[in-house]
There are 2 protein chains.
Amino acid sequence: MRAEIIAVGSELLTPYRVDTNSLFLTDELNRIGIRVVHKAVVGDTPEEMRSSFRHALGRADVVVSTGGLGPTDDDRTRQTVAELLGRKLHTDEGILQRIRERFRRYNRAMPEINARQALVPEGATVLPNARGSAPGLWIESGGHIVILLPGVPMELHALFEKEVKPRLLQLGLTERLFTRDLRIVGLPESEVEQRVSPLYALYPETETTILAAPTGIQLHPSIWSNDAGSAENMLEEISERMALALGEYLYTTRGETLEQVVGRVLTENRATIAVAESCTGGMLAERLTNMPGSSAYFQGGVVCYSNELKTSLVGVPPDMIENTGAVSSEVALALADGIRRRAGATLGVGVTGIAGPGGGSPEKPVGLVHVGIADEQGSREKAFRFPYGDRDRIRQQAAQAALDAVRRYFLFPPLARS
Amino acid sequence: MRAEIIAVGSELLTPYRVDTNSLFLTDELNRIGIRVVHKAVVGDTPEEMRSSFRHALGRADVVVSTGGLGPTDDDRTRQTVAELLGRKLHTDEGILQRIRERFRRYNRAMPEINARQALVPEGATVLPNARGSAPGLWIESGGHIVILLPGVPMELHALFEKEVKPRLLQLGLTERLFTRDLRIVGLPESEVEQRVSPLYALYPETETTILAAPTGIQLHPSIWSNDAGSAENMLEEISERMALALGEYLYTTRGETLEQVVGRVLTENRATIAVAESCTGGMLAERLTNMPGSSAYFQGGVVCYSNELKTSLVGVPPDMIENTGAVSSEVALALADGIRRRAGATLGVGVTGIAGPGGGSPEKPVGLVHVGIADEQGSREKAFRFPYGDRDRIRQQAAQAALDAVRRYFLFPPLARS
């Protein structure tokens, strides 16, 4: 079964905003057994909208739209689709009453234009929207299903879960998408490809998507299948063989973020952590603390941009900075051990580097980053040269490398006294 | 003149990746005088691609595609478009030689499949790609212009700038898009709307897009016009009146980020800054340091998750934490003044709050955040209650509020001794 997603909204045709609802919808549809073969973004001109819906109906079994169900003149999805399918609109008194009640709850009278949100094409099923005033609509026509949903993500998610998914599941689609999400840090895309591509021929039923980002590579082996057991088995098998090929560079087969993995490993080992970062400017601490419950293992961090703070807050000896420079193995190690001691944490991590665009030299170019890690027994350090990209990209790579140093600490203990 | 953008790539039909090239292209096309009326995302099946390009040619004067120009079997944009337009493909010896040279430079022989990238439809103009092996193609057909570009952003940007833009400018389009980018922090969308919407009727030629995000609201008044002078004047006028209506909540009319504005104001005032943050977990420092050159004013920061670190690194008295709790006005002020003193900075900022999902109570619910700011003369503090959203959203709002406290410090000095 094939679907097309149409995002309606003139703001999505500006340079400022991208349609992200379709990512959520794609994931949900795939799990139910519906492939997304096309996505469209269209403004609020009736002519363009008609063209989009007409072509979508020519290509797909299911057409899902988001947006354009509001109460204003610019919200035209309902009318356009009704016209296109040759259905009259009538006011649904039940919806009208619910909208009026919503306003009453906020002690306001319903503006007359909101009555439009109660218009329903003949033969359409109304999908109640618990979180907003615009209900969704489900219309079957000529063998197609057209589903009109609101564009506000919170409303869309709740409405899809409660009203759309159960109806789509009733279609009894047997072939669904099964998938894994393998994530790799520290290997370039070409090397990941080289290591895993020989497996593709061994598992011709699976298709593997490879995605590259500054923070690493993702591999998504997947199968469309009507046999859940054998699909899961096959994915298990190819994932295992990929894991063997990728070794220590693979950090999850289940789509976890690196901070999730690090948080889990710290918790399992009853370890705590503190960080002292320079070039990443807080990004490492921010990553570690974006996990709910991170206060159980994250004690704190220091962002020491100035050399004075490296000394006063973390205890890096001033003559060390003078002799080796602020970007050096020695300072990375001193930051790691210094913050560990001051925070009383099991582990300390130190990051120092040159994020650019200025500050580079032939010996210490932009992109050079040192990551140190220390425990009570000792410490170790690794230097990276991130060759591509701007300040943001280098900082992202550096924060990821620092998180990876923590993961690797638990893979390859113990630390030696340096 | 109307354009449609087609993003080709099966990875763009997965739940993992969104097309962002179209944002860059939309901005560039608008400035040249071309409206984007439709965007499509399509996989690499020839049938789907044909359908997309055919419909686009029926709707738009200019069709710009990204992706599908690589050397593999899945890269079919070139062939599909040639077929659709009834053009034969021939091998361009010049391109072939350049591709071979590219490989030679990296000491590799060109794989035979890369010869495909030298295929050119009859009558097409080749757009050399300085940063990759796939050249772009410019094809005029039946009054339409079809432009095929690579999907790698770095290649796309360079190729557009050097090869596409000059050709599009030669079309001599006189009507272009003029726009402003006003950004507001601290007011909800409904209030921004209420303050500025009376202006819409006074400037019927302009259209204003309003975009809401956790970090604030953006207003984009814009005009399509063939008279640059009068368009700029009108935008200047409406922006000024919007600025008056928005007052202290407006931080830029030029699309700057809040950290850019804060960085500029700090530099202009020869002030330095240091931050002590709890619930934002490094996000505030990260924002401040994502600006190149921020080391001139940002001295450093402390992420003090544990109460012990609030005391040992920033000097918050332990009995204060015991009496008022770690999330309180007093602690926010103590963090601000403590980090200012320890870093020797002009200004100190302290943030403490409850990002959730756990840790809330009836008196101190999730979303409660205190922001303190201190200079040598004194300090002040503000409490926020961010009612919506998850941990990430609350942290984003809190970091934005803290940056805004710095901006407001320079708007409304001096601080009083508390």
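Tutor: Start at Thr66(B), which stands opposite Leu149(B) in β8(B). The two strands involved are β3 (residues 62-66) and β8 (residues 144-149) of chain B, and they pair in the parallel sense over five bridges. Pairing here requires that DSSP find at least two bridges between the strands. Strands (E, at least two residues) and helices (H or I, at least four) are DSSP runs, numbered from the N terminus. In general, strands of a sheet pair through backbone hydrogen bonds, either parallel or antiparallel.

This is a predicted model: local features need pLDDT of at least 70, side-chain atom pairs count only at pLDDT 80 or more, and totals for chains, interfaces and linings use all residues. Residues are numbered from 1 along each chain as its sequence is written, while chains are lettered from A and ligands numbered from 1 in the order in which they are written.

Now widen the view. β3(B) and β8(B) sit in an open sheet of twelve strands with mixed pairing. Its order is β6(A)-β7(A)-β8(A)-β3(A)-β1(A)-β2(A)-β2(B)-β1(B)-β3(B)-β8(B)-β7(B)-β6(B). The edges are β6 (125-127) of chain A and β6 (125-127) of chain B, each pairing on one side only. From one strand to the next, the twist averages 15 degrees. Angles of this kind run from 0 to 180 degrees between N-to-C directions, with axes fitted as lines to C-alpha atoms, for helices over the stretch in contact.

A second sheet is also open, with ten strands and mixed pairing. Read it as β18(A)-β17(A)-β16(A)-β14(A)-β15(A)-β15(B)-β14(B)-β16(B)-β17(B)-β18(B). Here the edge strands are β18 (379-385) of chain A and β18 (379-385) of chain B. Twist in this sheet averages 10 degrees from one strand to the next. Within it, β14 (residues 273-277) and β15 (residues 298-304) of chain B pair in the parallel sense over five bridges. Ala274(B) has Gly300(B) of β15(B) as its bridge partner. Helix α10 (residues 307-314) of chain A packs on this sheet. It touches β14 and β15 of chain A, along with β15 of chain B, and its direction makes about 150 degrees with that of β15(A). Contact means that two C-beta atoms, placed from the backbone, lie within 7 Å.

For an antiparallel pair, turn to β11 (residues 207-213) and β12 (residues 216-225) of chain B, joined over seven bridges. They form a hairpin with two residues between them. Ala212(B) has Ile217(B) of β12(B) as its bridge partner.

Next, the helices. The axes of α6 (residues 189-202) and α7 (residues 228-246) of chain A come within 9 Å and cross at roughly 150 degrees. That makes α6(A) roughly antiparallel to α7(A). The cut-offs are under 35 degrees for roughly parallel, over 145 for roughly antiparallel, 65 to 115 for roughly perpendicular, and oblique for the rest. On the α6(A) side, Arg195(A), Val196(A) and Leu199(A) make the contact. They meet α7(A) at Ile238(A), Arg241(A), Met242(A), Ala245(A) and Leu246(A).

Helix α12 (residues 329-343) of chain A has 15 residues, which should span 21 Å at 1.5 Å a residue; its end C-alpha atoms are 21 Å apart, which agrees. The expected span is 1.5 Å times one less than the number of residues. Twelve of the 15 residues are buried, so α12(A) is largely enclosed by the rest of the structure. Among them are Val331(A), Leu335(A), Asp337(A) and Arg340(A). Buried means 20 or more other C-beta atoms within 10 Å of the residue's own, exposed 12 or fewer, and partly exposed in between, with C-beta atoms placed from the backbone. Gly344(A) follows the helix, with a positive phi near 65 degrees.

Finish in the loops. Ser328(B) lies between α11 (318-324) and α12 (329-343) of chain B. It is partly exposed, with 19 other C-beta atoms within 10 Å. Lys364(B) is 36 residues from Ser328(B) in sequence, yet 9.1 Å away in space, C-alpha to C-alpha. The Gly356(B) to Pro357(B) peptide bond is cis, with omega near 0 degrees. Pro357(B) is in the loop between β16 (347-353) and β17 (368-374) of chain B. Arg270(A) is not a glycine, yet has a positive phi of about 45 degrees. Its loop runs between α8 (258-268) and β14 of chain A. Arg270(A) is exposed, with 9 other C-beta atoms within 10 Å.
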